[in-house]
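Please look over the structure below. A few questions on how it is built follow.

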Amino acid sequence: MLDDLASLEAPRPIVVLTGGDPFKRDDVAALVAHGNGRGLAMAVSPSGTPLASASNLEGIRRAGARTVSFSLDGASPATHDAFRQVTGSFRWTVMGCRLARQAGLRVQLNSTVTADTVHELPALLVLARELGVSLWSVFFLVAAGRGAALTSLTASETEQVLHFLYEAAPSLPLKTTEAPQYRRVVIERSRHVGGEGDFVGPLHEELTAELRWLVPESQGSARAPLATSRRPPLAVGDGRGVVFVSRRGDVAPSGFLPLHVGNVRSTPLTDLYRQSPLLQAIRDPDRLGGRCGRCEYRRICGGSRAHAFAASGDPLAEDPMCPYEPRLASG
Ligand code: SF4
(Lines give C-alpha, C1' and ligand atoms only; values in the text may rest on other atoms or scores of the structure.)
Protein backbone atom coordinates (compact mmCIF):
# COMPACT_ATOMS: atom_id res chain seq x y z
CA MET A 1 0.00 0.00 0.00
CA LEU A 2 2.84 2.40 0.80
CA ASP A 3 4.47 1.63 -2.56
CA ASP A 4 1.14 2.30 -4.28
CA LEU A 5 0.85 5.70 -2.56
CA ALA A 6 4.47 6.48 -3.43
CA SER A 7 3.61 6.03 -7.12
CA LEU A 8 1.59 9.26 -6.97
CA GLU A 9 3.15 12.47 -8.17
CA ALA A 10 4.10 15.08 -5.59
CA PRO A 11 2.62 16.34 -3.40
CA ARG A 12 2.17 12.81 -2.09
CA PRO A 13 -0.21 12.00 0.75
CA ILE A 14 0.68 12.14 4.43
CA VAL A 15 0.42 8.67 5.98
CA VAL A 16 -0.66 8.61 9.62
CA LEU A 17 -0.16 5.30 11.44
CA THR A 18 -2.82 5.21 14.11
CA GLY A 19 -4.57 2.59 16.19
CA GLY A 20 -5.25 1.33 18.79
CA ASP A 21 -1.65 1.99 19.58
CA PRO A 22 0.88 1.76 16.74
CA PHE A 23 3.65 1.16 19.30
CA LYS A 24 2.09 -2.25 20.00
CA ARG A 25 3.54 -3.31 16.64
CA ASP A 26 7.24 -4.02 16.82
CA ASP A 27 7.65 -3.13 13.14
CA VAL A 28 6.24 0.41 13.33
CA ALA A 29 9.68 1.99 12.80
CA ALA A 30 10.26 -0.31 9.82
CA LEU A 31 6.98 0.84 8.28
CA VAL A 32 7.94 4.47 8.82
CA ALA A 33 11.35 3.88 7.26
CA HIS A 34 9.78 2.13 4.26
CA GLY A 35 7.37 4.97 3.55
CA ASN A 36 9.95 7.64 4.23
CA GLY A 37 12.39 5.93 1.86
CA ARG A 38 9.78 6.18 -0.91
CA GLY A 39 9.14 9.85 -0.38
CA LEU A 40 6.01 9.69 1.77
CA ALA A 41 5.55 11.97 4.78
CA MET A 42 5.08 9.52 7.64
CA ALA A 43 3.39 10.41 10.93
CA VAL A 44 2.51 8.29 13.95
CA SER A 45 -0.38 8.68 16.38
CA PRO A 46 0.62 6.88 19.61
CA SER A 47 -1.74 6.26 22.49
CA GLY A 48 -0.97 7.86 25.85
CA THR A 49 0.59 4.80 27.43
CA PRO A 50 4.03 3.88 28.79
CA LEU A 51 4.85 2.69 25.24
CA ALA A 52 5.12 6.38 24.22
CA SER A 53 8.67 6.17 25.59
CA ALA A 54 11.80 8.09 24.68
CA SER A 55 13.28 5.07 22.91
CA ASN A 56 10.15 4.35 20.84
CA LEU A 57 9.75 8.02 19.88
CA GLU A 58 13.43 8.37 18.99
CA GLY A 59 13.13 5.15 16.99
CA ILE A 60 10.41 6.49 14.71
CA ARG A 61 12.19 9.84 14.38
CA ARG A 62 15.36 8.05 13.28
CA ALA A 63 13.22 6.06 10.81
CA GLY A 64 12.08 9.32 9.23
CA ALA A 65 8.88 10.35 11.02
CA ARG A 66 8.55 14.08 11.46
CA THR A 67 5.28 14.35 13.37
CA VAL A 68 3.40 12.53 16.11
CA SER A 69 -0.12 13.26 17.29
CA PHE A 70 -1.46 12.58 20.76
CA SER A 71 -5.03 12.76 22.03
CA LEU A 72 -5.66 15.00 25.01
CA ASP A 73 -9.31 15.68 25.76
CA GLY A 74 -9.11 17.49 29.08
CA ALA A 75 -6.70 19.90 30.72
CA SER A 76 -6.54 17.89 33.94
CA PRO A 77 -6.04 14.22 34.85
CA ALA A 78 -9.58 14.09 36.25
CA THR A 79 -11.22 15.12 32.96
CA HIS A 80 -8.93 13.37 30.50
CA ASP A 81 -8.61 10.09 32.43
CA ALA A 82 -12.39 9.98 32.92
CA PHE A 83 -12.90 10.53 29.18
CA ARG A 84 -10.37 7.83 28.22
CA GLN A 85 -11.41 5.60 31.14
CA VAL A 86 -7.73 4.90 31.86
CA THR A 87 -6.12 6.20 35.05
CA GLY A 88 -2.70 7.66 34.25
CA SER A 89 -3.52 8.41 30.61
CA PHE A 90 -3.18 12.19 31.12
CA ARG A 91 0.29 11.86 32.70
CA TRP A 92 1.54 9.46 29.99
CA THR A 93 0.17 11.69 27.22
CA VAL A 94 1.78 14.87 28.59
CA MET A 95 5.03 12.96 29.09
CA GLY A 96 4.78 11.56 25.55
CA CYS A 97 4.42 15.09 24.14
CA ARG A 98 7.50 16.25 26.05
CA LEU A 99 9.56 13.22 25.00
CA ALA A 100 8.50 13.64 21.39
CA ARG A 101 9.64 17.26 21.39
CA GLN A 102 12.96 16.21 22.97
CA ALA A 103 13.34 13.61 20.21
CA GLY A 104 12.96 16.36 17.61
CA LEU A 105 9.42 15.49 16.51
CA ARG A 106 6.63 17.97 15.80
CA VAL A 107 3.62 17.34 18.02
CA GLN A 108 -0.01 17.65 17.01
CA LEU A 109 -2.57 17.54 19.79
CA ASN A 110 -6.04 16.13 19.12
CA SER A 111 -8.85 17.12 21.50
CA THR A 112 -12.39 15.77 21.35
CA VAL A 113 -15.09 18.28 22.20
CA THR A 114 -18.11 16.95 24.05
CA ALA A 115 -20.58 18.55 26.44
CA ASP A 116 -18.27 17.34 29.27
CA THR A 117 -14.93 18.55 27.87
CA VAL A 118 -15.91 21.78 26.10
CA HIS A 119 -15.42 23.99 29.16
CA GLU A 120 -11.72 23.03 29.34
CA LEU A 121 -10.87 24.24 25.82
CA PRO A 122 -9.18 27.49 26.99
CA ALA A 123 -7.09 25.60 29.56
CA LEU A 124 -6.25 22.96 26.96
CA LEU A 125 -5.01 25.69 24.65
CA VAL A 126 -2.70 26.97 27.39
CA LEU A 127 -1.41 23.46 28.05
CA ALA A 128 -0.85 22.88 24.33
CA ARG A 129 1.21 26.08 24.16
CA GLU A 130 3.28 24.98 27.17
CA LEU A 131 3.94 21.63 25.50
CA GLY A 132 5.21 23.30 22.32
CA VAL A 133 2.43 21.84 20.19
CA SER A 134 2.67 22.73 16.47
CA LEU A 135 -1.00 22.17 15.63
CA TRP A 136 -4.12 21.75 17.75
CA SER A 137 -6.80 19.65 16.09
CA VAL A 138 -10.19 20.15 17.70
CA PHE A 139 -12.44 17.20 16.94
CA PHE A 140 -16.21 17.54 17.12
CA LEU A 141 -17.58 14.27 18.43
CA VAL A 142 -19.51 12.11 15.98
CA ALA A 143 -22.34 10.38 17.82
CA ALA A 144 -21.62 6.93 16.41
CA GLY A 145 -19.81 3.82 17.59
CA ARG A 146 -18.18 4.42 20.97
CA GLY A 147 -19.00 8.14 20.56
CA ALA A 148 -22.72 7.36 20.83
CA ALA A 149 -22.34 6.94 24.61
CA LEU A 150 -21.00 10.51 24.97
CA THR A 151 -22.93 13.78 24.87
CA SER A 152 -22.13 15.85 21.79
CA LEU A 153 -22.72 19.58 21.44
CA THR A 154 -25.80 21.02 19.81
CA ALA A 155 -25.51 22.83 16.47
CA SER A 156 -25.75 26.18 18.26
CA GLU A 157 -23.05 25.22 20.78
CA THR A 158 -20.83 23.97 17.94
CA GLU A 159 -21.18 27.33 16.21
CA GLN A 160 -20.26 29.16 19.41
CA VAL A 161 -17.17 26.98 19.88
CA LEU A 162 -16.10 27.63 16.27
CA HIS A 163 -16.30 31.38 16.87
CA PHE A 164 -14.26 30.89 20.04
CA LEU A 165 -11.65 29.00 18.00
CA TYR A 166 -11.52 31.87 15.53
CA GLU A 167 -10.61 34.15 18.43
CA ALA A 168 -8.14 31.58 19.83
CA ALA A 169 -6.40 30.92 16.51
CA PRO A 170 -3.79 33.70 16.81
CA SER A 171 -2.64 32.09 20.08
CA LEU A 172 -2.00 28.63 18.60
CA PRO A 173 -2.22 27.15 15.08
CA LEU A 174 -5.36 25.05 15.04
CA LYS A 175 -7.73 23.19 12.78
CA THR A 176 -11.04 21.44 13.20
CA THR A 177 -11.94 17.82 12.47
CA GLU A 178 -15.54 16.96 11.56
CA ALA A 179 -16.49 20.65 11.58
CA PRO A 180 -15.58 21.94 8.11
CA GLN A 181 -17.97 24.85 8.60
CA TYR A 182 -15.09 26.46 10.49
CA ARG A 183 -14.01 27.60 7.01
CA ARG A 184 -17.30 29.49 6.69
CA VAL A 185 -16.86 31.00 10.15
CA VAL A 186 -13.32 32.20 9.35
CA ILE A 187 -14.46 33.73 6.07
CA GLU A 188 -17.53 35.37 7.60
CA ARG A 189 -15.60 36.78 10.53
CA SER A 190 -12.74 38.02 8.36
CA ARG A 191 -15.24 39.75 6.09
CA HIS A 192 -17.32 40.90 9.07
CA VAL A 193 -20.37 39.30 7.49
CA GLY A 194 -23.32 39.18 9.87
CA GLY A 195 -23.77 40.90 13.18
CA GLU A 196 -22.36 39.90 16.54
CA GLY A 197 -25.75 38.55 17.49
CA ASP A 198 -25.14 35.75 15.01
CA PHE A 199 -22.56 34.15 17.21
CA VAL A 200 -22.60 35.48 20.75
CA GLY A 201 -24.06 33.02 23.18
CA PRO A 202 -23.35 31.98 26.75
CA LEU A 203 -20.90 29.23 25.82
CA HIS A 204 -18.97 31.52 23.46
CA GLU A 205 -18.85 34.25 26.09
CA GLU A 206 -17.66 31.84 28.79
CA LEU A 207 -14.88 30.43 26.60
CA THR A 208 -13.64 33.78 25.28
CA ALA A 209 -13.68 35.33 28.78
CA GLU A 210 -11.55 32.49 30.10
CA LEU A 211 -9.22 32.72 27.10
CA ARG A 212 -8.63 36.41 27.80
CA TRP A 213 -7.99 35.61 31.45
CA LEU A 214 -5.55 32.78 30.72
CA VAL A 215 -3.90 34.31 27.63
CA PRO A 216 -3.99 38.08 28.20
CA GLU A 217 -2.27 38.83 24.89
CA SER A 218 -5.32 37.39 23.12
CA GLN A 219 -7.37 40.31 24.47
CA GLY A 220 -9.01 42.22 21.69
CA SER A 221 -8.14 39.52 19.18
CA ALA A 222 -11.76 39.37 18.05
CA ARG A 223 -11.18 42.65 16.27
CA ALA A 224 -7.59 42.07 15.19
CA PRO A 225 -6.70 42.04 11.50
CA LEU A 226 -6.66 38.64 9.83
CA ALA A 227 -3.65 36.71 11.10
CA THR A 228 -1.80 33.98 9.24
CA SER A 229 -3.22 31.27 11.48
CA ARG A 230 -6.73 32.49 10.76
CA ARG A 231 -6.59 31.55 7.11
CA PRO A 232 -9.35 29.03 6.39
CA PRO A 233 -7.88 25.55 6.86
CA LEU A 234 -7.57 23.17 3.90
CA ALA A 235 -10.89 21.96 2.52
CA VAL A 236 -10.28 18.30 3.33
CA GLY A 237 -12.54 15.89 5.15
CA ASP A 238 -14.13 12.47 4.99
CA GLY A 239 -13.30 11.00 1.58
CA ARG A 240 -12.15 14.36 0.28
CA GLY A 241 -8.38 14.39 0.63
CA VAL A 242 -8.65 11.89 3.50
CA VAL A 243 -9.32 8.16 3.65
CA PHE A 244 -9.10 5.64 6.46
CA VAL A 245 -7.64 2.14 6.05
CA SER A 246 -8.46 -0.31 8.82
CA ARG A 247 -6.03 -2.90 10.14
CA ARG A 248 -7.81 -5.42 7.91
CA GLY A 249 -7.32 -3.25 4.82
CA ASP A 250 -10.91 -2.02 4.56
CA VAL A 251 -11.10 1.54 3.19
CA ALA A 252 -13.65 4.10 4.43
CA PRO A 253 -14.03 7.85 3.83
CA SER A 254 -12.78 8.41 7.39
CA GLY A 255 -12.51 6.67 10.72
CA PHE A 256 -15.83 8.25 11.69
CA LEU A 257 -17.79 7.26 8.59
CA PRO A 258 -17.90 3.45 8.62
CA LEU A 259 -18.94 2.78 5.01
CA HIS A 260 -16.40 0.49 3.34
CA VAL A 261 -15.60 1.22 -0.30
CA GLY A 262 -13.20 -1.71 -0.86
CA ASN A 263 -10.09 -3.40 0.48
CA VAL A 264 -6.45 -2.63 -0.30
CA ARG A 265 -5.65 -6.37 -0.40
CA SER A 266 -7.60 -6.66 -3.65
CA THR A 267 -7.61 -3.12 -5.09
CA PRO A 268 -4.89 -0.45 -4.94
CA LEU A 269 -5.81 2.35 -2.55
CA THR A 270 -5.19 4.93 -5.26
CA ASP A 271 -7.78 3.21 -7.50
CA LEU A 272 -10.32 2.99 -4.68
CA TYR A 273 -9.85 6.67 -3.84
CA ARG A 274 -10.33 7.79 -7.45
CA GLN A 275 -13.02 5.37 -8.61
CA SER A 276 -15.26 4.57 -5.64
CA PRO A 277 -18.79 5.82 -6.49
CA LEU A 278 -19.31 6.81 -2.84
CA LEU A 279 -16.08 8.81 -2.64
CA GLN A 280 -16.83 10.46 -5.99
CA ALA A 281 -20.29 11.43 -4.72
CA ILE A 282 -18.89 12.82 -1.47
CA ARG A 283 -16.43 14.96 -3.45
CA ASP A 284 -19.18 16.42 -5.66
CA PRO A 285 -20.74 19.36 -3.78
CA ASP A 286 -23.67 19.43 -6.21
CA ARG A 287 -24.80 16.00 -4.97
CA LEU A 288 -25.15 17.07 -1.36
CA GLY A 289 -28.61 17.22 0.14
CA GLY A 290 -30.57 19.63 2.33
CA ARG A 291 -29.01 22.93 3.35
CA CYS A 292 -25.49 21.78 2.39
CA GLY A 293 -26.69 21.14 -1.17
CA ARG A 294 -27.98 24.69 -1.63
CA CYS A 295 -25.32 26.44 0.46
CA GLU A 296 -23.04 29.03 -1.10
CA TYR A 297 -20.19 27.55 0.98
CA ARG A 298 -20.68 23.96 -0.23
CA ARG A 299 -17.56 23.95 -2.43
CA ILE A 300 -15.26 25.08 0.35
CA CYS A 301 -17.09 23.41 3.24
CA GLY A 302 -19.54 20.72 2.19
CA GLY A 303 -20.37 19.78 5.78
CA SER A 304 -19.19 16.80 7.79
CA ARG A 305 -20.24 13.67 5.94
CA ALA A 306 -19.67 11.67 9.16
CA HIS A 307 -22.11 13.82 11.14
CA ALA A 308 -24.63 13.59 8.29
CA PHE A 309 -24.35 9.81 8.17
CA ALA A 310 -24.53 9.40 11.95
CA ALA A 311 -27.72 11.47 12.12
CA SER A 312 -29.58 10.23 9.04
CA GLY A 313 -27.87 7.17 7.57
CA ASP A 314 -27.23 9.19 4.39
CA PRO A 315 -23.62 10.34 3.90
CA LEU A 316 -24.78 12.99 1.41
CA ALA A 317 -27.41 14.56 3.69
CA GLU A 318 -27.06 17.98 5.28
CA ASP A 319 -24.72 18.34 8.24
CA PRO A 320 -26.96 18.56 11.33
CA MET A 321 -24.20 20.18 13.40
CA CYS A 322 -24.21 23.37 11.31
CA PRO A 323 -27.03 25.85 12.00
CA TYR A 324 -26.30 27.97 8.93
CA GLU A 325 -29.23 28.89 6.69
CA PRO A 326 -27.92 29.26 3.11
CA ARG A 327 -28.56 32.59 1.50
CA LEU A 328 -28.70 31.19 -2.03
CA ALA A 329 -31.90 29.77 -3.44
CA SER A 330 -31.73 26.18 -4.64
CA GLY A 331 -29.87 25.97 -7.95
S1 SF4 B 1 -24.87 24.41 5.46
FE2 SF4 B 1 -23.42 22.72 4.99
S3 SF4 B 1 -22.08 23.54 3.36
FE4 SF4 B 1 -23.13 25.31 4.31
S5 SF4 B 1 -21.71 26.03 5.89
FE6 SF4 B 1 -23.14 24.58 6.89
S7 SF4 B 1 -22.10 22.59 6.82
FE8 SF4 B 1 -21.07 23.95 5.33
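**Helix 2 and the chain around it**

Q: Which residues of helix 2 (residues 28–37) are buried?
A: A residue is buried if 20 or more other C-beta atoms, placed from the backbone, lie within 10 Å of its own. Helices (H or I, at least four residues) and strands (E, at least two) are DSSP runs, numbered from the N terminus. By these terms the buried residues in helix 2 are V28, A29, V32 and G35.

Q: Why do the buried residues of helix 2 line one face?
A: An α-helix has 3.6 residues a turn, so residues three or four places apart point the same way. The arc is that of the directions from the helix axis to the C-beta atoms. Seen down the axis, the buried residues of helix 2 line one face because they fall within an arc of 130°.

Q: What do the buried residues of helix 2 pack against?
A: Two residues are in contact if their C-beta atoms, placed from the backbone, lie within 7 Å. On that basis the partners are helix 1 (2–6), strand 1 (14–17), strand 2 (41–44) and helix 3 (54–63).

Q: What percentage of the 331 residues in the protein chain is buried?
A: This is a predicted model: local features need pLDDT of at least 70, side-chain atom pairs count only at pLDDT 80 or more, and totals for chains, interfaces and linings use all residues. Residues are numbered from 1 along each chain as its sequence is written. The protein chain has 13 helices and eleven strands. Of its 331 residues, the buried ones make up 40%.

Q: Which residue with a positive phi follows helix 2?
A: The phi of this residue is near 90°. The residue is G39.

Methods:
A residue is buried if 20 or more other C-beta atoms lie within 10 Å of its own, exposed if 12 or fewer, and partly exposed in between; C-beta atoms are placed from the backbone.
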